[in-house]
Amino acid sequence: MDRYLITGASRGIGRAIAIMLADKDKEVIIHGRDKKALDKTAQLVEKKGSKATKIVADLSNTKGVDYLIDEIGTKSIKAIINNAGITLVKPFEEITLEEWNNIFFINVTASFLLTQKLLPLLRKGSSILNILSTASRKGYTKWSAYCMSKYAMEGFTQSIRGELQPKGIRVINIYPGGTATDIWKDVPGEWDFKSMMKPTVVADAVKFALDNPSDVLIDNLTLQNTAGDQ
Ligand SMILES: NC(=O)c1ccc[n+]([C@@H]2O[C@H](COP(=O)([O-])OP(=O)(O)OC[C@H]3O[C@@H](n4cnc5c(N)ncnc54)[C@H](OP(=O)(O)O)[C@@H]3O)[C@@H](O)[C@H]2O)c1
């Protein structure tokens with residue numbers, strides 16, 4: 001049975017990906033911190049006939065990352081989906097070192113460590129899929145910490161693609177524009193959710209990229225809102 005790991009699957013884009021990938025012959029490993037919300041994702045995944053394995057871990061520190069890795073065990077994984085992430089929007093002069101370290105650990109270090117330490121579980125034909133952002137390639141006013149973290153992941157993933165190609169492991173990057181999820185609750189301002197894509201649109205793109213034959217690489221897939229990104 002193919003196993004798929006999705007970090008940050010308790011809500012938003014991660015939950016939509018988990019449901020989209022769920023199928024009878026698959027095990028979907030769903031991760032998050034919110035146990036109740038993960039239970040809900042598990043229910044929706046199981047409804048589609050998939051096995052759902054829940055792992056609760058805080059990815060803001062090495063202890064949580066190590067715990068997630070231990071819980072995954074030693075069976076091979078078909079795809080690692082690095083999705084968990086947070087945002088931070090404020091003038092750069094006001095960003096504290098604590099906030100900086102926190103966003104970098106969750107958005108960059110955790111994905112780096114998971115990718116590195118789970119690599120031995122990836123066989124030929126498997127994939128590392130990263131949910132990046134249009135903010136991986138464009139700076140947005142007051143989004144410096146978030147943009148830097150996403151640019152860092154851009155550098156990491158573009159660099160390892162060539163390292164992993166000889167092993168037959170694909171590195172796929174998805175760059176969504178504004179997507180209607182709870183992440184916006186932490187962003188000051190009024191947001192027009194109707195002009196943002198739904199998490200299922202991103203999940204569709206993930207499934208499309210993964211379902212291609214393993215010798216076909218969709219390397220970088222950008223999804224933009226026609227109304228423009230905010
Ligand atoms: N929404 C957008 O407009 C947009 C656009 C482009 C890219 N993205 C990217 O898409 C990804 C998912 O975002 P989303 O919009 O779906 O946000 P969301 O609804 O806020 O979901 C974020 C997910 O990350 C998990 N997470 C956050 N902090 C964590 C921590 N310390 N430890 C473990 N898990 C943690 C959350 O789980 P718990 O709360 O259960 O811990 C949740 O499942 C992020 O990488 C984001 O940067 C989003």
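Start by selecting Glu 99, Trp 100, Ile 103, Phe 104, Asn 107, Val 108, Ser 111 and Phe 112 in α4, which meet Ala 145, Tyr 146, Ser 149, Lys 150, Ala 152, Met 153 and Phe 156 in α5. Contact here means that the C-beta atoms of two residues, placed from the backbone, lie within 7 Å. Helices (H or I, at least four residues) and strands (E, at least two) are DSSP runs, numbered from the N terminus. The residues of this contact between α4 and α5 divide into 10 nonpolar, three polar and two charged. Ala, Val, Leu, Ile, Met, Phe, Trp, Tyr, Cys and Pro count as nonpolar, Asp, Glu, Lys and Arg as charged, and the others, Gly among them, as polar.

This is a predicted model, in which local features need pLDDT of at least 70 and side-chain atom pairs count only at pLDDT 80 or more, while totals for chains, interfaces and linings use all residues. Residue numbers run from 1 along each chain as its sequence is written.

Now show the whole of α4 with α5 (residues 144–164): the two pack at an angle of about 20°, with their axes 10 Å apart. Axes are lines fitted to C-alpha atoms, for helices over the stretch in contact, and angles run from 0 to 180 degrees between N-to-C directions. That angle makes α4 roughly parallel to α5 (angles under 35 degrees count as roughly parallel, over 145 as roughly antiparallel, 65 to 115 as roughly perpendicular and the rest as oblique). α4 passes α5 in a right-handed crossing; a crossing is right-handed if the near helix is turned clockwise from the far one by less than a right angle, and left-handed if anticlockwise.

On the α3 side, select Val 65, Ile 69 and Ile 72; on the α4 side, Ala 110, Leu 113, Leu 114, Lys 117 and Leu 118. By class, this contact of α3 with α4 has seven nonpolar, no polar and one charged. The crossing of α3 and α4 is right-handed.

Next, select α1 and α2 (residues 35–47), whose axes lie 8 Å apart at an angle of about 20°. α1 and α2 are therefore roughly parallel to each other, and their crossing is right-handed. Arg 15, Ala 18 and Ile 19 in α1 meet Thr 41, Leu 44 and Val 45 in α2. Four nonpolar, one polar and one charged residues make up this contact of α1 with α2.

Turn to the sheet. It is open, has seven strands in the order β3-β2-β1-β4-β5-β6-β7, and its pairing is parallel. Strands pair if DSSP finds at least two bridges between them. β3 (51–56) and β7 (220–223) are at the edges with a single partner strand each, so one side of each has no neighbour in the sheet. The twist averages 15° from one strand to the next. Zoom in on β2 (residues 26–32), which pairs with β3 in the parallel sense over six bridges. Glu 27 is found opposite Lys 51 in β3.

Finish at the ligand. Of the 27 residues around the ligand, Gly 8, Gly 12, Gly 32, Arg 33 and Gly 85 come nearest. A residue is near a molecule or strand if its C-beta atom, placed from the backbone, lies within 6 Å of it. Helix α1 (residues 12–21) supplies the largest share of this shell, three residues. The shell divides into 10 nonpolar, 12 polar and five charged residues.
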